[in-house]
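I opened the model to look up how its strands pair. My notes follow.

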Amino acid sequence: MIKAVQAVFGLGLLCFAATQAAVAATDISKLPRVKQELVAPPAVPKHDQVAKGGPKVVEVRMETKEVLMEVAPGANVWALTFNGSVPGPLIVVHEGDYVELTLVNPKESTLAHNVDFHAATGALGGAGLTLIQPGEEVVLRWKAVKPGVFVYHCAPGGTMIPFHVISGMNGAIMVLPRDGLKDAEGKPYRYDRAFYIGEQDYYLPNDGKGKFKEFATPAAGMHEMLELAKGLIPTHVVFNGAVGAITGDNALSAKVGEKVLFIHSQANRPSYPHLIGGHADLYWVGGSFSDVPLTSQETWFVPAGSAVAAAYEFHQPGLYVYLSHNLIEAVLLGAALHMNVEGEWDDDMMTQVKAPDSFDAKAAMDH
């Protein structure tokens with residue numbers, strides 16, 4: 001029944017396939033091909049910050065996996081995913097490259113899936129050409145003409161669009177300028193590390209007795225999740241799939257003096273990332289690498305349905321907290337992560353002149 005309903009929802013999308021132009025401006029067969037090995041966030045795939053040679057066809061493969069995932073103790077969700085993670089993996093290409101995606105919907109799936117790349121041009125970002133039923137696969141190729149960071153997400157049609165997005169089926173792609181990033185003065189900017197943070201809002205129904213419901217299949221919980229989502233109040237707002245997913249042994253790491261690029265996406269709601277004890281030396285508004293980045297931002301803005309990039313050079317060691325500065329969502333709903341930075345402390349930048357008798361340094365890190 002669900003598959004039949006989705007086929008109806010997707011019918012309008014599939015019509016776009018018949019209208020695509022057959023004319024190609026480039027002889028794709030003459031371009032070099034590279035396979036990009038995608039990795040689970042917050043890691044990013046290996047890539048060159050400055051392109052080597054001319055445009056390439058970058059081949060990527062993603063599977064639309066439906067996974068029962070723990071969001072928090074006692075709270076589970078049927079996560080609809082790309083490659084089994086929330087968010088899906090970051091893809092990295094250069095302006096002018098072609099992205100050639102093989103999208104696979106395993107036969108074990110219960111729902112149809114597709115992908116809408118906000119970085120792509122035409123056919124609903126590719127959604128109109130990639131709708132596949134369980135057991136099918138499709139290959140889509142599109143040219144990356146806009147440099148920046150962008151969201152991608154599943155968009156099968158109708159109410160299935162918000163349901164798939166709030167079930168975790170979204171990710172991001174970074175399209176770097178061929179000559180690399182530039183700072184606010186137009187000078188080349190190179191980062192030492194890069195991390196991808198995908199912010200996710202969940203709407204998990206309660207059984208009325210203080211416990212979250214768990215459903216046998218993704219579709220079984222769809223109606224209650226969407227009804228709850230109409231109130232626009234999430235039960236959880238998390239980074240990379242679950243509360244505390246990027247803390248403890250999974251905390252990010254860096255060293256004093258390193259420049260770190262943070263890529264942050266939110267496919268459904270606005271967000272306000274902030275690094276406690278640090279700043280965004282550079283912030284690319286709206287994720288656009290075509291524009292001059294802002295400097296010295298204390299908190300940066302991620303519009304709903306987009307990704308942005310921010311960079312910071314660490315000057316002090318210690319445990320940092322990176323969070324959404326909607327503090328209710330950060331502290332009470334889960335939108336926070338930790339980052340360990342190694343190095344020598346600089347008393348000139350900060351020092352405790354006199355400690356109170358009750359001072360406990362660890363107490364300040366209860367985020």
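I started at strand 12 (residues 193–202), which runs parallel to strand 15 and is joined to strand 15 by 7 bridges. I took strands as DSSP runs of E with at least two residues, numbered from the N terminus. I counted two strands as paired if DSSP finds at least two bridges between them.

This is a predicted model, where local features need pLDDT of at least 70, side-chain atom pairs count only at pLDDT 80 or more, and totals for chains, interfaces and linings use all residues. Residues are numbered from 1 along each chain as its sequence is written, and side-chain values use heavy atoms, with hydrogens and water left out.

Next I checked what else strand 15 pairs with. Strand 19 (residues 306–313) pairs with strand 15 over 8 bridges, in the antiparallel sense. Here Leu261 has Ala311 of strand 19 as its bridge partner.

Is strand 15 mostly covered or mostly open? I found 7 of the 8 residues in strand 15 (residues 259–266) buried, meaning under 20% relative accessible area with a 1.4 Å probe, protein chains only.

Strand 20 (residues 318–324) and strand 21 (residues 336–342) run antiparallel, joined by 6 bridges. I noted Gly318 opposite Val341 of strand 21.

Notes
Helices (H or I, at least four residues) and strands (E, at least two) are DSSP runs, numbered from the N terminus. Buried means under 20% relative accessible area, exposed over 50%, partly exposed in between (1.4 Å probe, protein chains only).
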